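Open the model in your viewer and keep the selection panel at hand. The stops below say what to select and what is found there.

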Amino acid sequence: MTGFDITGWGMSVPERIVTSAALAERFGVDEHWVVSRCGIRERRAVDPGQTTASLAVEAGRRALDKAGLTGADIAHLIVATATPEQPSPATSAFVHHELGIAGSAHDVNSECAGFVYGLVSAMALIAIDPRPILLIGSDTHTLTANPADRDLSILVGDGAGAIVLQPGPENRVKAWNLGADGACTGSLKVLAGGSRMPTTQETLDAGLHYAQINGNEIYLNAVRYTVRTVRETLESAKVDAADIDHVVPHQANIRIINSILSHTGLRPEALITNLQKYGNTASASIPIALTEALEEGRIKSGDKVLLAGFGAGMTWGSILMEWGGVAA
């Protein structure tokens, strides 16, 4: 199997900051209640004119620059998103055009687990076609949250993160695991706008084009399934949780993250999190956190890095890799 190195990375978040204090005032609650509930002090939100694709293009361009490549060098573009540019065509088509990508392009929608699903897809592609791949996670969930929905509005933020994979002699992925439970489609959903319930004036009046969340179900399933996927990946790699140098989880909620750590034996010191300043940026959260950690020099060659995500559906996945020789 052809290996790969991650040779480029980049991120993009909107400049507009929405603080927990501002949301607390809007919803008539105490700021401490918001922060203690999710660990988020502020999040970024797009302004008019900014979209899922525009954030993806900016993050992708920075990752390409870091790798010393252009779009003409990319054989495959993968965009993970659950908040597409429009129903059709795929968001990756817009990004493909803006970045001048030479090769193919497709979307992955596995909600907040999308980046991990995209990375496994990229691994498979590069094994059979050893050429550079650009993988981007980008979401704008502030646009799908009902402004009157306090529970969801305090959680979500917008952003994009990207990495470039280039073929290499070593297989740095020690193990990976993906899973899904389609019985959980009701936990977090957008009811209207698809073939099951096309958009009508009635669905708009009822607000069915907004996301709806069952927070308790998401919490329980997120912990249950992420703990499972982390354990299975570590077992497959024959690596002890205490030996993991860095854990980059989906940045959903600090209570979920802490619960996952306590149930898996992963060291709190290994945790990489930026939840407090960006909120839940869905499929972008892992590549944004990874990019910041790399830029800060926290990840060194030879370190064991575990990525783990979960999303609506439910979907989940984790990857354990040994970091290559490419430094920030």
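A crossing of two helices is left-handed if the near helix is turned anticlockwise from the far one by less than a right angle, and right-handed if clockwise. The model is a predicted one, in which local features need pLDDT of at least 70 and side-chain atom pairs count only at pLDDT 80 or more, while totals for chains, interfaces and linings use all residues. Residues are numbered from 1 along each chain as its sequence is written, and side-chain values use heavy atoms, with hydrogens and water left out.

**Helix pair**

Select residues 20-27 and 31-38, which are helix α1 and helix α2. Helices (H or I, at least four residues) and strands (E, at least two) are DSSP runs, numbered from the N terminus. α1 passes α2 in a right-handed crossing. The two helices pack at an angle of about 115 degrees, and their axes are 8 Å apart; axes are lines fitted to C-alpha atoms, for helices over the stretch in contact, and angles run from 0 to 180 degrees between N-to-C directions. Now show side chains: Ser-20, Ala-21 and Ala-24 of α1 meet Glu-31, Val-34 and Val-35 of α2, where contact means heavy atoms within 4.5 Å.

**Cis peptide bonds**

Go to Ser-88 and Pro-89, joined by a cis peptide bond with omega of about 0 degrees. Pro-89 sits in the loop between β4 (76-80) and α4 (91-99). Next select Gly-313 and Met-314, where a cis peptide bond has omega of about -10 degrees. Met-314 belongs to the loop between β12 (304-311) and β13 (315-322).

**Positive phi**

Select Lys-238, in the loop between α8 (215-237) and β11 (246-249). Lys-238 is not a glycine, yet its phi is positive, about 60 degrees. Is Lys-238 buried or exposed? At 78% relative accessibility, Lys-238 counts as exposed; buried means under 20% relative accessible area, exposed over 50%, and partly exposed in between (1.4 Å probe, protein chains only).

Then select Ala-282, in the loop between α10 (275-278) and α11 (285-295). Ala-282 also has a positive phi of about 60 degrees without being a glycine. Ala-282 counts as buried, at 0% relative accessibility.
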